[in-house]
Structures are given as structure tokens and as C-alpha cells.
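User: I would like to learn how to read a few features of a structure, taking salt bridges, helix packing and strand pairing in turn. Could you give the general idea each time and then the case at hand?

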Amino acid sequence: MGFKQATWDEPLLIELGKEGRCGYSLPKVDGDLESVVKLIPERLLRKDIPLPSLSEPQVVRHFVRLSQMNYCVDLGMYPLGSCTMKYNPKIAERIASDPHLTRLHPYQPVETVQGILEIMYNLSKMLAEITGTAKVTLAPAAGAHGEFVGCLIIRAYIKDKGELKVRNEMLIPESAHGTNPASAVMAGFKVVKIPTDEEGLVDIEALKAAISQRTAGMMLTVPNTLGLFERRVEEISKIIHEAGGLMYYDGANMNALLGRVRPGDMGFDIVHMNLHKTFATPHGGGGPGSGPLGVSKELVDFLPVPLVDYDGEKYFLNYNIPKTIGRIKGFYGNISVLIKAYTYILMVGSDKLKEISNQSVLASNYLLSNLNSSMYLLPYSKGIPRKHEFVVSAKPIQMKSGVRAMDIAKSLLDLSLHAPTIYFPLIVDEALMIEPTETEPMENLDEYAKALNTIAHQAEEDPQRIIDAPINTSIKRLDEVKASHPLTMKLNWRGLK
Amino acid sequence: MLEDRHPYLPNLDKRITQQMLNRLKIDSIDDLFRDIPESLVLKKRLNLPEGKSELEVKKHIEETLAKNKVYPEYLCFLGGGVWPHYVPAVVDEIVSRSEFYTSYTPYQPEISQGVLQALFEYQSLICDLTAMDVANSSMYDWATAVGEACRMAVRFKKRSRIVTSRNIGPERFEVMKNLCEPAGIDVDVVGFDLETGETDLSQLLAAINDDVAAIYLENPNFFGVIESKVFEIADAIHSKGGLFIVGVDPLSLGLLKPPGEYGADIVVGEGQPLGLHMNYGGPLLGIFACKGDQNLIRQMPGRIIGMTTSKDGTRRGYCMVLQTREQHIRRENATSNICTNEALCAIAAAVYLSLLGSEGLRELSKLIMYNSHYASKLLSEIRGIKSPYFTSTFFKDFTLGITKDGVSAEELHKRLVEYRILGGLPLSRYYEELSNVALFSVTEIHTKEDIQRLVDAVGKVVS
């Protein structure tokens, strides 16, 4: 492999800065600008501003150099399981930079924002259809934010029934994403962990044992984080509903089911979607994302305000939601992300939507079939196809050579391949969770499997080579322990020298 | 056949799909879904439009968006949490680099140094700006940052009350309540002085006792008014052992003393003015910073990037730190559920602040303050208008009172559209006692001609 990532020993902005430079220009104004300084009470006036000062070319070069030390979907495969990193169509970026969107202020009279409201209204309808829910709010800023909002709705529903004092437990499988328990606790619930059975699915007997009049609901990911479809999901729904609880669908893995199965049809009352995953809006190195939330008919009255609605003539912001949980974000959602998802859905359409899940599931099983199965063990439910992602254990490699999942991940980086998600779910030893997505050509899937097999082989012959990886990246393996230790922690460029 | 293909699905062609199926020794893709109960499988095609070409989709969305009214055709004088500011070309250029925008959360730091160093620099710039010691690498927006700051203060102090003022942003107040309520936090709200627009100091002091985890104030507040008693307020809450949380418009900090210098323990704010477009209110950028107390930092929500070295000690590098606070490690014991944040917006802010530098920020702050005072003064000369309505000094946003009978602030807001002006948020929506007061905002993008257009239009509406 000829890969070598750019290596710039790029200084910090503060080291590049020099007094007497500025990269910004301002219009000249006919008037005495200094006069406003006198309006500020003396003791509230800022004396000095310690920001670094740079010229425009310096700023541009600095950030371009940094960008060259960053891996991205546009460079290659990014098979992070549970994160669905697929190709993001360029047209969506173009459309999202339209000044008729970027220059809109959230307080504008609704008569002046009919275009964006129409798009938001249509998008929420489409997402409701795709998820099989009655109504969708576009407000949540991320998947976890959607989870929190969903939990607030469950809380409001229970409160409305006068059961809040008793009903305060949220059931969550031990294989769930960490955001589930965190979101439930933020909304005031106690978390009850539900174990996994020998098939890798929710342990129904344990679930039945955990159910009580304290059960507020259950948060479930389908397919689960092992990539397995919870085939007893209807039964699970029934158990929860009969106990008086609600079913929450974590939409992180919805890419596997588009157009084939709908969460609403499976018995879920609340569903969040990660637009930056399933609907191909880029993730921006950590955000912005967007986490719209759909609910069943019974819960529509609890949705956050405002909702975008249409009265037959004009689109408007509806604040008249009878039992609303209130407002959950400053304004109406991450609009530029929403419009990218809208673009994507229009491009894919009803005819090809199902092909997304088909192709992503095909890619994942194909990649799995090319792995050396004695090195990468497939735990749980052998013979059952995985969905959009799968989890293997690198335990055999560790036993033989001491090389761990982390080392394998770092070794992949040397080949210009992004590592899979590692050490998750927690129920699999030395877990590697791989999600190739539907946008990877077959040749890349072959290459990825080959790389993993080669690394497994090398681990036996020359483990040190794997443990020393990566060497072709912009920096060799980092000392992450030092970074978090109280004595060596550096969270700010002040006091560096 | 082009219709059997799709630009984003490289293996859709029957021959390629077949090769892959052969490897799996199955006949059809449906076999891969055989474990899904038949009763759940969707029998119909979803009620969505048929897929369209890129050309058609672009045309359709652009035509729909064209129904929106924006500047330069319509002048925008709205503020209150999102403001029309100029975004330098460099900012859009950098955040349009796909190395940044198509990357994920930097779980593998060795190939993510670009995002990591940029975020470390963002955190450092925010610390410089606010005079705080530690910043996280962003929250969803100002409103959610306020809520998380209150919860953080309550965890840190092990007390159950928060005190705030009625003059904070009303939307932010609602979001804050929503984050506080499930945690059993009581929020006490004190009033503001109807003449100055500042928080009523005596009411505030009376509300502080040993149960109060923190006071949350905004400076400038929702009315654009600069709170002049912040030193006294900081002393008062500190003497009772509570924290002082301050919310800021970062562009005011070119002129105003940073909260860290008047005793703030946590600073939150809206980062949208730092190089982000308004986008109808999202994505925004929640600023979040605090003092360097180790125990406080460990209660902080969100991601923090730190500096370290390569294991061999030869090179400087960056990675995520203190992840044991976060949801993916701590699960139900995490400080917050936030995972995806607004990283790209934080990078935009880092680019913006590094273009500005100390002098650029100072000059920009002055220009904004000058323009807004210039506009307020011209408006005050209109008969039937009191501007600013509140007497204390303001920055960027200001209140305008209509003293003439027969014209409401709500009507002014609507009628201005006829003059192709978007402005004057009617405060009656949030405050009964401000039935005829509107909030305007003037920034560096407004020329004297723009301001004259506003003045003429307001004059016509109230005449």
C-alpha cells in the first residue's frame, strides 16, 4: 500500500499569531466609533483581548493543512458500526448553501418563510411515512437529543395518567447505545438493564421478570447493536404495552430496514431517526446532526412546540399542542441538515428506498463472508444473516498473539482504511463492529476483508508490527492516558510553555 | 439501463449483486431478511414521490426556497439569539472542505488530527474570549447549554435551586425549564427593572439562600441591555456558596469585560455570530466554558479535546479526553447524554475568531454598537416612538416602544414587511407589561442607507 497521510507539524494559531495582523476587514462608517466606548460603564469595559492575530493567508493555510490530516468519507471507506457513515451526496451541500435558506431569521413573520416551512412540512410527512408514525417533530438537534425528547414525552404521558410517582423505570438492553441510559436518566427515569439471551437478542424471560407497574417503557434498537433483527419484537411490544409502558425505537440502525419494515408497524410508539446516518447528511466531524422524532396517534398531543403545520392555504408554526412537553431547542431544528435529508429522499424516492437497506445488508453479509472465521469469531446466532452491520470478536487473535482489537484498528489506519467501532457492544470480547453501508463498491469490501485477514496473519508472525501501528498516519499512536491524567492534562493552549 | 441504477448504490447492477449473492450462496437479497417475521414485512411501496434526477430535485427545491424573503431584497433587523452577521468567505471555504464536513466524531485520533486540533483551538479561543479556563467542543445551542449548565451546577453544588431573571431569552428559559424539571430542580425567576431593563437587584439578592446552586443571567440580556451590577451579583451568590452562570453574545466581548473577570464560574452563549449563517435558526453553536476546578470540569457535559503527545513522546497530538464522564463509557451515570454536538460549527467559529484576532473583534464590536445606537437614535426622533425603551446601555439589540395609540408592536412587525423590512419582534408575545415594545437588532451588515430605510418605514407605519 502506498498510503501516507499528510504530516504537517502544524503550530497552534496562538504560535502563528503576531501583533499587527488581522484577517478581517470592516466597512468604513462616517461617524465617531470611539464614542460608543464611553457608553459602557468603566468597570465593565474590556481592557485587553488575548486572541491571536493572523492574516487571511495564514488562517487559510493553517486550516487547509489541518484538513489534510483528517480522514473522511470522501477519502475512503468509513465502516464504523452503529454510526452509518455512508457517502453524502454533493448536491445536498449545494442546495443547503442557497441564500434563500442561509439568510432566514427564525423570528421572521411566517408569511415570509413559506418556502422553508413547506419543505419542513413535506419532510416531516415523508419521515412519518417511512417510520410508520402519525406525526414527526423536526426539532431535535441530534439522535441523543431525540432520545431525550422521546423520554420527556413518555414522562409527560405517564404524568398525564397520574402515574408519575410510581412509573419511573426505563428498560434498556445491556447491548444498547450508551445514549439510551443517559437520555432516560436525564428525563428522570431509573434504568433497568435487560440482559441478552444466547441468541444475542433481548432475553424475554428476563424482560418478563423485570416488568412491573413501575415500567415506564422500553428503549430498543432494531436491528440491535449485534446487527441482529429482534425477531420477537412484537411479543416484546405486547409485554410492555400490557404493563402500561411505551415502546421507544432507537433509530440509529434504521438504515437496515428502510422501505422493508417500519418501526410504527412493529409496535413502537416513539421513533427517532438520525438524519446524519440513514439519510446521508454529513456528520461534520461530530455534528451538526439532526434527530427528528415520530410518534403514534396517541402521543401527538405531547410533541414539543412549535410544529410546522398547514391550514390549506399557508404553512405556519403551530404552538397549540394541547399537552405539549414545551420547547426543547432554541428554535426549530437543524434546518440545513433537514434540507439535505429532504434532498436525499427526493433523489432516492419510493422506488429505490428499499434498495438502500437491501444493498447495505448485502454489503455487510458479503464482507463478513470474506473474513477468516477462525480469527474473527462471529458470536451469537450463527447462520442468521446480519443486517447492515455485524460484530466479530478478535479474541482468537488476542489469545494467540496478544494483539488486541485496538491494535487491529490502528493497523487498518496504516492502510488508508478507517477502523471499525471497537469494544462495543460491551457484551462481546474484543469486539469489532463493522458497517460497510450500501455506498461501498464490492471491490472495497474485498479490500477491507483482505486487510483484516492480513492483519490477523501478521499478528501471529510479527505482533510487534501491529502493536506499533500506525506509522503511515500524520502522527504515530497517541498517549491517551497522559491526555486525561490530572497532572498532564492540557485543555487549553494557555500555559503550554 | 440507467433506471436500474442509482448514483449512490454502486452494487445495484444485477450482475454485481449476483456476484455477491453467489459468494453468500443464496438466491436473492430477500434471503438476508428471512429472520424478520412475515407479519412485519411491509407489503406496499411507501407513499413517497418517485426518485428524481439531481437536475429535477435541485430545480424543485430552489423554486420552493425562492418563496422565502431574505436580504438584500428584504432587510433583516431581527436578533434576540440569532443575528444577521457577515460570514467571511474563508469560513465557508474551510467548512466546505470535505475532509472536515464528511468526517465522523474523531474516535481514531491518529487520522483525525485535523478536526481534533481545530476543536482544541476552538476551545482555547473561547477561553480567551470569555476569560475561562476550560471550554467544551460545543453544545446544540445557547438554550440547551443553559439547561445543561444549570444541571451541572446542581450536581456540583448538591443543591436544588436555580435563580434567574425574567429578562433572559424566553425561548432559552423554556428549554432551561425543560432540562431542569426532570432533575427536580426548582427555577426561581426574579423580575427586571421596568425603567432600565436590568435585572432587579433587590429581588435577586432576596432570592439567594443556601439552597441556590447557581444564578443564571445574560449579559447583554434579551433586551440587549448590559447588566451593570454583575460584580455585586457575583459576590452575593459566591458569599452563599453558589455559582454564577453567565450567558453571552460572544461579539459583545470585544467591548465588554469577559464574564471570567467579574466572577462567572460557567459561561454559556450563542456561537452563531461567530461565522455561522442564520439558517432559520439552526444549526446553532452552544458555547460552554467553566473555571479550571478539577471537580467542576468532571461535571461538565459534552466532549473535551486535550493536547497530548505520541506514545514515543516525539510529537504533539490531540485526542478526546475525560471520556469517563461521557455516555458511551458512563451510560446512566454520564454527565449528559450529548454525543453528536455541533463540531463543524465550532470549527467555523475557530476560523472566524482567528480571522478577527483581538483588534478585529474590538473594531467589529464597536461598529455593531455604533450602528445599533445610530439606528436607535434616528428611530427615537420619530414622533410616537421611544427608543430605546429601556434606559440602560445596550449592545446590538434594543427595545423600541410605541407610545402612539392605535399601533401595536405586533402590527408594526407585520406592516414592516410591506416595506420589505423584517424587524421588530413584538415583546408582548412574552411580556404582558411590554405590550407595545418591539426588539430590533442592528449589526455590521447594516449600512446607513439600510438604517434610513428602517427609520422611514417605521415612521410611515406609526404616522
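**Salt bridges**

Analyst: In this predicted model, the side chains of A:Lys135 and A:Asp309 meet in a salt bridge, with 3.1 Å from N to O; the term stands for a side-chain nitrogen of Lys or Arg within 4 Å of a carboxyl oxygen of Asp or Glu. A:Lys135 lies in strand S1 (residues 135-137) of chain A and A:Asp309 in strand S8 (residues 307-310) of chain A, so the pair ties together parts that are 174 residues apart in sequence. Helices (H or I, at least four residues) and strands (E, at least two) are DSSP runs, numbered from the N terminus.

User: What conventions lie behind these names and values?

Analyst: Residues are numbered from 1 along each chain as its sequence is written, while chains are lettered from A and ligands numbered from 1 in the order in which they are written. As this is a predicted model, local features need pLDDT of at least 70 and side-chain atom pairs count only at pLDDT 80 or more, whereas totals for chains, interfaces and linings use all residues; side-chain values use heavy atoms, with hydrogens and water left out.

User: Is A:Asp309 buried or exposed?

Analyst: The scale is relative accessible area, where buried means under 20%, exposed over 50% and partly exposed in between, with a 1.4 Å probe and protein chains only. On that scale A:Asp309 is buried, at 12%, and A:Lys135 counts as partly exposed at 23%.

User: Which residue forms a salt bridge with A:Asp160?

Analyst: Side chains of opposite charge can pair when their charged atoms come close. Here the partner of A:Asp160 is A:Lys323, at 3.1 Å from N to O. A:Asp160 belongs to helix H6 (residues 143-160) of chain A and A:Lys323 to the loop between strand S9 (315-318) and helix H11 (335-369) of chain A, so this pair ties together parts that are 163 residues apart in sequence. A:Asp160 is partly exposed, with a relative accessible area of 41%, and A:Lys323 is also partly exposed, at 38%.

User: Where does the salt bridge partner of A:Lys395 lie?

Analyst: A:Lys395 forms a salt bridge with A:Asp429, their closest N and O atoms being 3.9 Å apart. The pair links distant parts of the chain, 34 residues apart: A:Lys395 is in helix H12 (residues 395-401) of chain A, and A:Asp429 is in the loop between strand S11 (421-422) and strand S12 (431-434) of chain A. Salt bridges that share partners also join A:Glu129, A:Arg262, A:Asp265 and B:Lys44 into one network. A search of the whole structure finds 52 salt bridges over all chains.

**Helix packing**

User: At what angle do H11(A) and helix H14 of chain A pack?

Analyst: Two packed helices are described by the angle between their axes and the distance between the axes. The axes are lines fitted to C-alpha atoms, for helices over the stretch in contact, and angles run from 0 to 180 degrees between N-to-C directions. H11(A) and helix H14 (residues 442-461) of chain A pack at about 35°, with their axes 9 Å apart. Their crossing is right-handed, that is, the near helix is turned clockwise from the far one by less than a right angle, anticlockwise being left-handed.

User: Which residues make the contact?

Analyst: With contact meaning heavy atoms within 4.5 Å, H11(A) contributes A:Ala363, A:Tyr366 and A:Leu367, and H14(A) contributes A:Met442, A:Leu445, A:Asp446, A:Tyr448 and A:Ala449.

**Strand pairing**

User: How many bridges join S12(B) to strand S15 of chain B?

Analyst: Two strands pair if DSSP finds at least two bridges between them. Five bridges join S12(B) to strand S15 (residues 437-441) of chain B, and the two run antiparallel; B:Phe398 has B:Phe440 in S15(B) as its bridge partner. Strand S11 (residues 385-386) of chain B is joined to S12(B) by two bridges, likewise antiparallel, with B:Lys386 opposite B:Gly401.

User: Which residues lie on the two faces of S12(B)?

Analyst: In a regular strand the side chains alternate between the two faces of the sheet. In S12(B), B:Asp397, B:Thr399 and B:Gly401 are on one side and B:Phe398, B:Leu400 and B:Ile402 on the other, and all are buried.

User: What is the strand order of the open sheet in chain A?

Analyst: The order is S10-S12-S11, three strands with antiparallel pairing. Strand S10 (390-393) and S11 of chain A stand at the edges, each with a single partner strand, so one side of each is left without a neighbour in the sheet. S10(A) and S12(A) pair over four bridges, and A:Val392 stands opposite A:Leu432 in S12(A).
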